[in-house]
Amino acid sequence: MKIFVLVKEVPDTYGDRKLDLETGLADRGAGDLVLDEITERALEVALSHADKNEGTEVVALAMAPAGSTASVRRALAIGAGSAVHIADEQLAGADLGLTAETLAAAIRRAEPDLVITGNLSTDGSGGVMAAMLAEHLGWSQATALTSVEITADAVTGMRGADAGGQSISASLPAVISITEALPDARFPNFKGIMAAKKKPLEVLTLDDLGVSADPVAAPRTIMTTVAEKPPRAAGVKIVDEGDAADKLVEYLVQNRLV
């Protein structure tokens, strides 16, 4: 079985994250860049299955700038057997549509049995990539899973719901997304870090994948305006002069909170 895992480089959530007000894109120079934790968890799902099933091939797939090789190599150090890195200047600022089309082309090219990704990235927070990939590929999908079981011809799991859990099953090939309910990724040890330097890492461009980023050929989302978040305003302070309860009720009614 061949499993593709989508891994994404994002600004470190423990650092300051800023938008470039001219481009509307995340300022990649504002802090450290790391693999998104949710995609590391997705990688752990694949590796846990591979540990129990000899012959399973785990491939990390990333779409990131050319300078992101270190992040892709981290996926190899954690345990992926090989990696595919899509790097093309035309992909700078790619929206979800172009991203899905590009990733789907790379997946289709390699013909894996299963694609695993996180349900929500910590930068764009689109939350629809798994569904968009499944649509491009014509595959079944199972999203926002809190548990995963992979067999030779299907994948099953649980999805959290307001009233409990929902059991989901999808035949392979399929695209699934997982939530933070799944275990943390294993930490790369020294042996894994050294081995990562020798593992296959294929770099692809849009030309290699036969995808066009030209908005004339395929209209894309357009950023019309971007602005810095306004400073937080001071709250309303109620001084109790015997009528605090009345003032509180009045405030709640005025703000349609009751």
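In this predicted model, the mean positions of the 23 positive and 37 negative charges of the protein chain lie 5 Å apart, with Lys and Arg taken as positive, Asp and Glu as negative, and His and the chain ends not counted; each charge is placed at NZ of Lys, CZ of Arg, CG of Asp or CD of Glu. Because the model is predicted, local features need pLDDT of at least 70 and side-chain atom pairs count only at pLDDT 80 or more, whereas totals for chains, interfaces and linings use all residues. Residues are numbered from 1 along each chain as its sequence is written, and side-chain values use heavy atoms, with hydrogens and water left out.

The protein chain has seven helices and 11 strands, which are DSSP runs numbered from the N terminus (helices H or I, at least four residues; strands E, at least two). Of its 258 residues, 36% count as buried, meaning under 20% relative accessible area with a 1.4 Å probe, protein chains only.

The largest nonpolar core has 35 residues, and Val5, Leu114 and Ile116 have the most contacts inside it. Such a core is a set of buried Ala, Val, Leu, Ile, Met, Phe, Trp, Tyr and Cys residues joined through side-chain atoms within 4.5 Å. Among the elements that each supply at least two residues are strand 1 (2–6), strand 6 (114–118) and strand 10 (174–178), while helix 1 gives the most, with seven residues. A second, separate core of 27 residues includes Met129, Ala134, Val175 and Leu204.

Five of its five residues are buried, so strand 6 is largely enclosed by the rest of the structure. Leu114, Ile116 and Gly118 point one way from this strand, and Val115 and Thr117 point the other way. Strand 6 pairs with strand 1 in the parallel sense over three bridges, where two strands pair if DSSP finds at least two bridges between them. In that pairing, Ile3 stands opposite Leu114. Strand 10 also runs parallel to strand 6, joined by five bridges, and Ser177 in strand 10 is the bridge partner of Thr117. Beyond its neighbours within four places in sequence, Leu114 is in contact (heavy atoms within 4.5 Å) with residues including Phe4, Ile150, Val155 and Ile176.

What follows is the loop between strand 6 and helix 4 (129–137), where Ser121 is found. Ser121 is buried, with a relative accessible area of 16%. Leaving aside neighbours within four places in sequence, Ser121 is in contact with Lys8, Asp36 and Gly126.

Key. Buried < 20%, exposed > 50% of the residue type's maximum accessible area, 1.4 Å probe, protein only.
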